[in-house]
Amino acid sequence: MTAPVLIKQRALPTLVMAVCTLYFLTPIWWLFVGASKNADQFTSTNPLWFADFDLFTNIGDLLAYRDGVFLRWMLNSILYTGGAALLGTVLAAMCGYALAKYRFRGRELLFNVVLSGVLVPATALALPLFLMFSKVDATNTFWAVFLPSLVNPFGVYLARIYATASVPDELLEAARIDGSGEIRTFFKVATRLMFPALVTIFLFHFVAVWNNFLLPLIMLSDERLFPVTLGLYTWNTQVNQIPELRGLVIIGALLSITPLVIAFLLLQRFWRNGLGAGAVK
Amino acid sequence: MRKSLAAALISVLALSACGSGDDSSSDGASAASCAPSSGPVSLTYTTWIPGIENVVKAWNDKNPNIQVKVQTGPNGNGGTYQNFFNQLKAGNTPDLGHIEYDALPSFRVQDGLFDVASCDIVAKAKDQFIPWTWNQVSFGEEKTAWGIPQDSGPMALFYRADLFEKNGIAIPKTWEEYAAAAVKVKAAGGYITNFSQSDINQFAGFAWQAGGRWFANDGQQWTVNLTDDNTKKVADYWQDLISKKLVSTVPPWTTEWDNAYNSSSAWTWVSAVWGANSIMSGAPKTAGKWRVAPMPQWSAGENVAGNWGGSATAIFKNSKHPYEAAQFALWLNTSEEALALLNKEAQLYPATTAGTKYSYLANPVEFYGDQKIYELFAEAATQVTPDFTWGPTMTSTYTSASDGFKAAVSGQGTLNDALTKAQTSTIDTLKSQAIPVKE
């Protein structure tokens, strides 16, 4: 009796999972297959199955196109994203920790202001930021994209919740008694305890900055400063004029998601820990 | 079009300035403002022309005192125009910008551009341009120009010579013959063409050829006329082909669309000169089988062509060196050296009379069975009627029309319904931006 029930019980979730997996992976599969074809076969063969496998030739073409500007874009993206996510995570952790562990006037007000920042979409801020950077003549620079990307109110929120839950006051007291300064206590004690949350914040931040498209679109006009998203978009808008760009955009899109995939594969186990820990506490 | 209220308000002032101030002030004030600067000058130029660096390098090498720096971005409607508008607000536009003909009026109503006709070198060069391309930047006015014409898109008929011959179908010279040929092509298992349901510019080119005049500006007010008799005639014509399922309707610029040509299911394309390259790269299997003929005519014996695309090099009004910017823009768009490079890098088709006859356009093209197709386009370029004007809110007009076209293609409503709607929504948009419009 039990065996069929068990199968039945498992069948439905498995089916749902299978459908979801298919749904999420089909576009990536399409992208991978498309990237492996030459221009002729791309339009004339089954989009979900391989023709001649030209992936490496295509990648070679992409990297050679216009003196390898694509590599430059990838590098820019990694700089903007990695740098901003790393620094932004530290900043968010410090803010969240301070809000959780120090009592001072206006603490709740400050926290609420930060929280309301979560509600303001980054898109809405791009134009005001552009006008502000214009005032100080700093548009079309690395900093025009990098500095605004450091800010992450959601990270502050997560860090505060997590610090409240997972950094015991007694431990901080003990550190103080042992003569550790506040900054040292934060870096040596608190961050260790908050690590799963920090990974979560880092990943969220990484994805958000990687995908933040409007800000660089508005700020940058020097091709050598573009992140890869803007670069590929720029090419894609020129497909009518230069149809061979279509192939490059597809291969470029495939390559451009690899850093995200790598970041997820490397960090997901921490992330899982982090989500679990947060949920129980 | 995403423009703020503030910008809209400015546009009212701008337009009234255009209407009243120009004649009295331009001779004195702006002639002085287009004076050469002393000392070395550096200019910024924003464009999305692929490979433009190589063209600009040729200039920079020879003009150490006027160095041009290229900036880039997505194509105009993809974001660069919006960036220009933002930069106008912030006061940090580049000196020069790439603006398509259909977007120039929107920059003009926002008072963003420098009147290049006030530079004597530009006024002198005017006659080098094909008259209708000059009209695209002057809006038909005598002493103004809001940019230097850069490229143009005279239209012609691309057709599959092999298929027409095999099935004994004559190459249509008029639209009537084209419709008759469509029936025969359908019987032979193909479609005569693909109707561009979402890129309204092709339809605009048809209307342009037929004598449709969508916009006019008398210096005070805009007139919108998307539903004049000539445009209606074109809309009825294509509606008939769509209703009888004689044309395919896959969305343009997609792989499906390329495939329709590559797999020989679409036999002709009435398109602009740059379409030659689109077919070459979209339908590589059909190499050698295409030819080009003049655009079908509304009355037998006429020689009228439409235009699809084209752009200008504009100088923004806060440029500190408009004279040098004009020098560069003239070199870029009239010199044989620059035009040849632009053609090589980006297949731009020139807007000057001499440009269409340069040697790099005289060669036979292998893909087209060694036909000298550019000679035919040079002819077509002289046959485009000169007085077609774009409106100041084309993006919203296009959006509305293409929504209607997509519906018409799937059987809801007609192309004329779509144009009627686009007419209403265009007038609403103009009003909402406080641009004076005649009803």
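A helix here is a DSSP run of type H or I with at least four residues, and a strand is an E run of at least two. Keep in mind as you click around that this is a predicted model.

**Stop 1: chain A, the annotated stretches.** Select residues 109-130 of chain A. This stretch is 91% helix and 0% strand, and 28 Å separates its end C-alpha atoms. Now jump to residues 245-267 of chain A: here the chain is 100% helix and 0% strand, with end C-alpha atoms 34 Å apart. Both ranges are among those that an unreviewed UniProt entry lists as "transmembrane region" in chain A.

Cys20(A) is partly exposed, at 33% relative accessible area. Cys95(A) is also partly exposed, with a value of 37%.

**Stop 2: chain B, the disulfide.** How many disulfides are there over all chains? The count comes to 1. To find it, select Cys34(B) and Cys119(B), whose sulfur atoms sit 1.8 Å apart. Cys34(B) is in the loop between helix H1 (5-33) and strand E1 (41-46) of chain B, while Cys119(B) is in the loop between helix H4 (104-109) and helix H5 (120-125) of chain B, so the pair ties together parts 85 residues apart in sequence. Look along the S-S bond: the torsion is about 100°, so this disulfide is right-handed.

Are these two cysteines buried or exposed? Buried counts as under 20% relative accessible area. Cys34(B) is buried at 5%, and Cys119(B) is buried at 0%.

Stop 3: Next, pick out E5, E6 and E10 of chain B. They make an open sheet of 3 strands in the order E5-E6-E10, with mixed pairing. Strands E5 (215-217) and E10 (437-438) of chain B are at the edges with a single partner strand each, so one side of each has no neighbour in the sheet.

Zoom in on E5(B) and E6 (residues 222-224) of chain B: they run antiparallel, joined by 3 bridges. For a landmark, show Ala216(B), which stands opposite Thr223(B) in E6(B).

H17(B) lies across E5, E6 and E10 of chain B and runs at about 160° to E6(B).

Terms used:
Residues numbered from 1 in each chain as written. Chains lettered and ligands numbered in written order. Predicted model: local features only at pLDDT ≥ 70, side-chain atom pairs only at ≥ 80, totals over all residues. Heavy atoms only, no water. Pairing = 2+ DSSP bridges. Contact = heavy atoms within 4.5 Å. Axes fitted to C-alpha atoms, helices over the stretch in contact; angles between N-to-C directions. UniProt positions renumbered as here; feature names shortened; annotations may be inferred. Disulfide = S-S within 2.5 Å. Buried < 20%, exposed > 50% of the residue type's maximum accessible area, 1.4 Å probe, protein only.
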